[in-house]
Amino acid sequence: MSDFGDLRVSDALTVPAWELSESFVRASGPGGQHVNKVSTAVQLTWHVEASSLPSEVKERFVKLFGSRMTNDGRLILEASSHRSQVLNREAARKRLAEMILKASQKPKRRIRTKPTKGSIRRRIAAKKRRGEIKSLRGTVDRTEE
C-alpha cells in the first residue's frame, strides 16, 4: 500500500493532506456480488479557493476546470475504474495532480503576426473563384419553352 499523505504535484507545489477529503462509495456497473457489497469507488473532494496553492495557480485552475466545480468552489473527482479502494484512490489523486500541474503552467503569450502577401493573394483569388461559381447559378430563363 502506498503513502496517502500530502499530494506532491511538482517540486514546488504540494497539496497538504488536510485539504483533501476522501469518501468511499459503491461503484456502479458490472461486477456481480462484489460491486453490491464493497465500497471501492472513491470521491476525492478538494476546496480550491481555500487551498494553500499560490493565487495565480488557483485562478488558472478555476478558469480551466470551473465547469467541473460546485458552486461553493469544491472540486469532486470520482474514480471507480478499479476494483480496489487503493487503486481508485491513487487514480483520483493522480488525476488531481495532473489537473493542478496543468493549471500551474503559465500560458504562452500569443504573438500577433500579419498574414503574408501570398496568403492574402490566395485568399482573394479563392473568394473571386467562389463568387464566379455562385454567379453562374443564376435563374433559368423558361420563356423559350
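A residue is termed buried under 20% relative accessible area, exposed over 50% and partly exposed in between (1.4 Å probe, protein chains only). The structure is a predicted model, in which local features need pLDDT of at least 70 and side-chain atom pairs count only at pLDDT 80 or more, whereas totals for chains, interfaces and linings use all residues. Residues are numbered from 1 along each chain as its sequence is written, and side-chain values use heavy atoms, with hydrogens and water left out.

Three salt bridges were found in a search of the whole structure, a salt bridge being a side-chain nitrogen of Lys or Arg within 4 Å of a carboxyl oxygen of Asp or Glu. One of them joins the side chains of E22 and R89, at 2.5 Å from N to O. Because E22 lies in strand β3 (residues 20–25) and R89 in helix α3 (residues 85–104), this pair ties together parts that are 67 residues apart in sequence. Helices (H or I, at least four residues) and strands (E, at least two) are DSSP runs, numbered from the N terminus.

E22 also forms a salt bridge with R93, with the closest N and O atoms 3.8 Å apart. R93 is buried, at 7% relative accessibility, whereas E22 is partly exposed, at 23%. A further salt bridge links D72 to R74, with the closest N and O atoms 3.0 Å apart. Both residues are partly exposed, D72 at 41% and R74 at 33%. Through shared partners, salt bridges join E22, R89 and R93 into one network.

K58, located in helix α2 (residues 55–65), is buried, with a relative accessible area of 17%.
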